[in-house]
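I opened a new notebook page for this chain.

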Amino acid sequence: MAKVKFPSVGRVTKEKPYIFYERARIVKLYNQHHLSGSAQKNLAKNVRQWFENEARARGWHLKLMTEYGISKGAGYIMWSPAKRRVTKITAQMLVIDEF
């Protein structure tokens, strides 16, 4: 099974100011880093907390996005605060401006 790598802040460019990191990859990444515990299958609270802490430590800002019509987490929108500023987040829209 191929290993999943944590996304690099260097992936953010002017043309692609953010990335979407989806639920299945986050769960797989969590399970790679927590080999001694039981494997997670969903984006549970402990998985979200771990991912958010890791992302912030690596220089990311992020926002959990949910699937339409249900409260299940779909993944995270991630952007670099050094390169972008989020000016508005609503249920339907994320606005990112350049500095």
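I count two strands as paired if DSSP finds at least two bridges between them. Helices (H or I, at least four residues) and strands (E, at least two) are DSSP runs, numbered from the N terminus.

The model is predicted: local features need pLDDT of at least 70, side-chain atom pairs count only at pLDDT 80 or more, and totals for chains, interfaces and linings use all residues. Residues are numbered from 1 along each chain as its sequence is written, and side-chain values use heavy atoms, with hydrogens and water left out.

**Entry 1: overview**

I looked up the element list. The chain has two helices and five strands. Along the sequence they follow the pattern β-α-α-β-β-β-β.

I then looked up burial. I call a residue buried under 20% relative accessible area, exposed over 50%, and partly exposed in between (1.4 Å probe, protein chains only). Of the 99 residues in the chain, 31% are buried.

Next came the surface. Accessible areas come from the Shrake-Rupley method with a 1.4 Å probe; for residues, only the protein chains shown count as cover. The chain total is about 6,700 Å², and carbon and sulfur atoms hold 51% of that.

Contact here means heavy atoms within 4.5 Å. I took the contacts between residues at least 6 apart in sequence: 42% of them join residues at least 24 apart.

In what order do the three strands of the open sheet lie? I read 1-3-2, with antiparallel pairing. Strand 1 (19–22) and strand 2 (61–66) are the edge strands, and each pairs on one side only. From one strand to the next, the twist averages 30 degrees. For angles, axes are lines fitted to C-alpha atoms, for helices over the stretch in contact, and values run from 0 to 180 degrees between N-to-C directions.

I checked the pairings one by one. Strand 1 and strand 3 (residues 73–79) run antiparallel over four bridges. On this side, Ile19 has Met78 as its bridge partner, and Glu22 stands opposite Gly75. Helix 1 (residues 23–33) packs on the sheet and touches strand 1 and strand 3. The helix direction makes about 65 degrees with that of strand 1.

Strand 2 and strand 3 are also antiparallel, joined by six bridges. Here Leu62 stands opposite Met78, and Met65 has Gly75 as its bridge partner.

Is strand 3 enclosed or exposed? Seven of its seven residues are buried, so strand 3 is largely enclosed by the rest of the structure.

**Entry 2: the core**

I define a nonpolar core as a set of buried Ala, Val, Leu, Ile, Met, Phe, Trp, Tyr and Cys residues joined through side-chain atoms within 4.5 Å. The largest one has 18 residues. Those with the most contacts inside it are Phe6, Tyr21, Ile26, Leu29, Phe51, Trp60 and Met78. Strand 1, helix 1, helix 2 and strand 3 each give two or more residues to this core. Helix 2 gives the largest share, four residues.

Leaving aside residues up to four places away in sequence, Met78 touches Phe6, Pro7, Tyr18, Ile19, Tyr21, Phe51, Ala55, Trp60, His61 and Leu62.

**Entry 3: salt bridges**

Side chains of opposite charge can pair when their charged atoms come close. My criterion for a salt bridge is a side-chain nitrogen of Lys or Arg within 4 Å of a carboxyl oxygen of Asp or Glu. How many does a search of the whole structure find? It finds three.

Glu67 pairs with Arg23, with the closest N and O atoms 2.7 Å apart. Glu67 lies in the loop between strand 2 and strand 3 and Arg23 in helix 1, so this pair ties together parts 44 residues apart in sequence. Glu67 is partly exposed, at 26% relative accessibility.

Arg56 pairs with Glu52, at 3.9 Å between the closest N and O atoms. Both lie in helix 2 (residues 45–57), four residues apart, about one turn of the helix. Arg56 is partly exposed at 48%.

Glu54 and Arg58 meet at 3.3 Å, N to O. I logged Glu54 as partly exposed at 25%, and Arg58 as partly exposed at 42%.
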